[in-house]
Amino acid sequence: MLTNKSKQVVKREMTLMEKAYLPAIFSGMIITFKHIFMKKATVRYPEQTRPFAPVYRGQHVLKIDEAGAERCTACGLCAVACPAEAITMVAAERQKGEEHLYREEKYASTYEINMLRCIFCGLCEEACPKEAIFLTDRIVPSSFERDEFVYGKDKLVETVANPVDVTKRQTPAVLEFKKDKKHKHNLTFLDKVTKTFSRH
Ligand code: SF4
Ligand code: SF4
């Protein structure tokens, strides 16, 4: 015995009431009944959801510009910044006639994020010089298949019909910067066409 804190346990006989278990059952039912009137700690998800914190970072979106062209230019900075090595991409050269699809001369023909690797740190968003990638308040849905967590452009790029609101993460300063036509990457395809014609 290393300490003198030991206690002799005696197995005593249970009383008749204890053997019937009724007092224990009733006291348990009283506790349950009390909880019916208490404020619930849980919500009926997914019908009900809790409000998200303004800083919540969920599923990514690859943004398009006002003319509907993909903003991403496959520079790879997001992949380099990603601490989880969750981003992979293949760059391609924009062909003639594809100006309405891709904003710059180079674009990502493949862009994938492995949502199982991603730790939703937001560094890709910070690294992007084109304001092309943002994290949103959308939750990545669960699945039984690992392959389904590799999100390609079909799941990441927003469409003109279904734009993804990123105003919570796009600060007014960023929005102001995007309007500044001084910067070449802020010019849309239409801006470039207008500029070309105004020169002639
Ligand atoms: S949020 Fe972080 S971990 Fe996820 S893809 Fe972006 S940089 Fe990588
Ligand atoms: S999302 Fe941004 S940082 Fe990543 S490749 Fe595209 S332009 Fe570059």
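Where is the place of Pro-46? Pro-46 sits in the loop between helix 2 (22–36) and strand 1 (60–62); helices (H or I, at least four residues) and strands (E, at least two) are DSSP runs, numbered from the N terminus. Select Pro-46 together with Tyr-45: a cis peptide bond joins the two, with omega at about 5°.

Before going on, note that this is a predicted model, in which local features need pLDDT of at least 70, side-chain atom pairs count only at pLDDT 80 or more, and totals for chains, interfaces and linings use all residues. Residues are numbered from 1 along each chain as its sequence is written, while chains are lettered from A and ligands numbered from 1 in the order in which they are written.

**The whole chain**

Of the 200 residues, 16% count as buried. A residue is buried if 20 or more other C-beta atoms, placed from the backbone, lie within 10 Å of its own, exposed if 12 or fewer, and partly exposed in between.

Next, colour by pLDDT, the predictor's confidence in each residue, from 0 to 100. The average is 89, and 96% of the residues score at least 70. Confidence is lowest in helix 7 (residues 189–199), with a mean of 70, and highest in strand 5 (residues 150–151), at 98.

**The two ligands**

Select ligand 1. It is surrounded by 14 residues, the closest being Cys-82, Cys-118, Cys-121, Leu-123 and Cys-124; a residue counts as near if its C-beta atom, placed from the backbone, lies within 6 Å of the molecule. This shell has 13 nonpolar residues, 1 polar residue and no charged residues. In this scheme Ala, Val, Leu, Ile, Met, Phe, Trp, Tyr, Cys and Pro count as nonpolar, Asp, Glu, Lys and Arg as charged, and the others, Gly among them, as polar.

Move to ligand 2, which has 13 residues around it; Cys-72, Cys-75, Leu-77, Cys-78 and Cys-128 are the closest. Its shell comprises 10 nonpolar, 2 polar and 1 charged residues.

**Two residues with positive phi**

Select Tyr-21, in the loop between helix 1 (16–20) and helix 2. Although not a glycine, Tyr-21 has a positive phi of about 60°. Tyr-21 is exposed because 11 other C-beta atoms lie within 10 Å.

Then select Glu-131, in the loop between helix 4 (123–127) and strand 4 (133–135). Glu-131 is likewise not a glycine and has a positive phi of about 50°. With 19 C-beta neighbours inside 10 Å, Glu-131 counts as partly exposed.

**Last stop: Val-157**

Finally, select Val-157, in the loop between helix 5 (153–156) and helix 6 (172–179). Which residues does Val-157 touch, not counting residues up to four places away in sequence? They are Leu-62, Ile-64 and Glu-70, where contact requires C-beta atoms, placed from the backbone, within 7 Å. Val-157 is partly exposed, as 18 other C-beta atoms lie within 10 Å. A distance drawn from Val-157 to Cys-118, C-alpha to C-alpha, gives 17 Å, for residues 39 apart in sequence.

Terms used:
Contact = placed C-beta atoms within 7 Å.
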